[in-house]
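Subject: Structure handover

Dear colleague,

Here is the structure you are taking over. Please look through it first; notes on what was found follow below.

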Amino acid sequence: MNETISTILRRRSVRSFLPDAIGQDELDQMLEAARYAPSAMNQQPWHFTVIRNPELLLKLEDNCKSAFLESNVAVLREVAKQEGFCVFYHAPLMVIISADPGAIAAQYDCTLAMENMMLAAVSLGIGSCWAHAVMMFHATEKGKAIFRELGLIFPEGHQPYAAAVFGWPEEPYPEAPPKNADCVTIME
Ligand SMILES: Cc1cc2nc3c(=O)[nH]c(=O)nc-3n(C[C@H](O)[C@H](O)[C@H](O)COP(=O)(O)O)c2cc1C
C-alpha cells in the first residue's frame, strides 16, 4: 500500500488530546494542504479561522455545552448531560472554515479543505475530530451572538461550513469503527 493510501486509512477521529500546542510549522503545513484542495471553478472561497487561545476555546466550549443542555432537541440534551462530556475534547486548537454562501459550492469547498487538513494532520502525527457542535451552535441566534461577543468574527458575508479540533493524540489512534464495503455499484 502506498504512503498516501496508508495515511488516509490511518486517519481516525481522535477524542483525547495532550495539552501540548501544535507548532506553527505543523499548522502552516496543514493550512497549505487545505489551500490546495479542489474548489468549484477554483474560487477558493474559504477563510481559515484558527483558534489556539485556551481561554477562548474554553469559553466557546462552555457556551456550546450550555446551548446543548438548553436545546429542545432531546438527543443533544442527553449527550451533554453525560459525565465528562466535552464538545472539543480539550484539544489545543480549533479551525473553522468559512466562506461566502454565494460561492458556487461553498460547503463542498470548505469540507474538502478540512479533509485535506485532517489528512495532513495524520501524516504529521496530529489527531483531529470534526466538531459539528460548532456549526449547530452558530446556526442559532444565541450562538451567533456569543460568537460576536467572543470576538469570533468571520470575514464580511462569510458563513462557517466546517469546524474541527486538532491536537497531539493522548493515546494511539483508536481502531477504525466498522466501515461498510457494500456501497459501490460498478457499471461496465
Ligand atoms: C459532518 C460530520 C460531523 C461530525 N460531528 C462530530 C462531532 O460533533 N463530534 C464528534 O466527536 N465527532 C464528529 N464526527 C466524527 C464522526 O463521528 C466520525 O468520523 C465517524 O464516527 C467515523 O469515525 P472515524 O472518523 O474514526 O473514521 C463528525 C463527522 C462528520 C463527517
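An oxygen atom of the ligand is placed 2.6 Å from an N or O atom in the side chain of K179. That pair falls under the cut-off for a polar contact (two N or O atoms within 3.5 Å; within protein, one must be able to donate a hydrogen and the other to accept it, and residues adjacent in sequence count only if both atoms are side-chain atoms). Taken alone, the ligand exposes 620 Å², and the protein buries 60% of that (accessible areas by the Shrake-Rupley method with a 1.4 Å probe; for residues, only the protein chains shown count as cover).

Before the rest, a note on the source. This is a predicted model, in which local features need pLDDT of at least 70 and side-chain atom pairs count only at pLDDT 80 or more, while totals for chains, interfaces and linings use all residues. Residues are numbered from 1 along each chain as its sequence is written, and side-chain values use heavy atoms, with hydrogens and water left out.

The ligand site

R11 has a polar side-chain atom 2.9 Å from an oxygen atom of the ligand. At H132, a polar backbone atom is 3.1 Å from a ligand oxygen. The residues around the ligand (a heavy atom within 4 Å) are R11, R12, S13, R15, Y89, C129, W130, H132, A133, P177 and K179. At least two residues of this shell come from each of β3 (127-130) and α6 (132-138); helices (H or I, at least four residues) and strands (E, at least two) are DSSP runs, numbered from the N terminus.

Helices α2 and α5

The axes of α2 (residues 24-35) and α5 (residues 106-123) come within 7 Å and cross at roughly 140 degrees. Axes here are lines fitted to C-alpha atoms, for helices over the stretch in contact, with angles from 0 to 180 degrees between N-to-C directions. M30, L31, A33 and A34 in α2 meet A113, N116, M117, A120 and A121 in α5, where contact means heavy atoms within 4.5 Å.

The loop residue H158

H158 sits in the loop between α7 (141-149) and β4 (159-167). Its side chain makes a polar contact of 3.0 Å with the side chain of S98, and the side chain of H158 also reaches the backbone nitrogen of A99 at 3.4 Å. Leaving aside residues up to four places away in sequence, H158 touches P45, W46, H47, S98, A99 and D100. Between the C-alpha atoms of H158 and V122, 36 residues apart along the chain, the separation is 28 Å.

Regards
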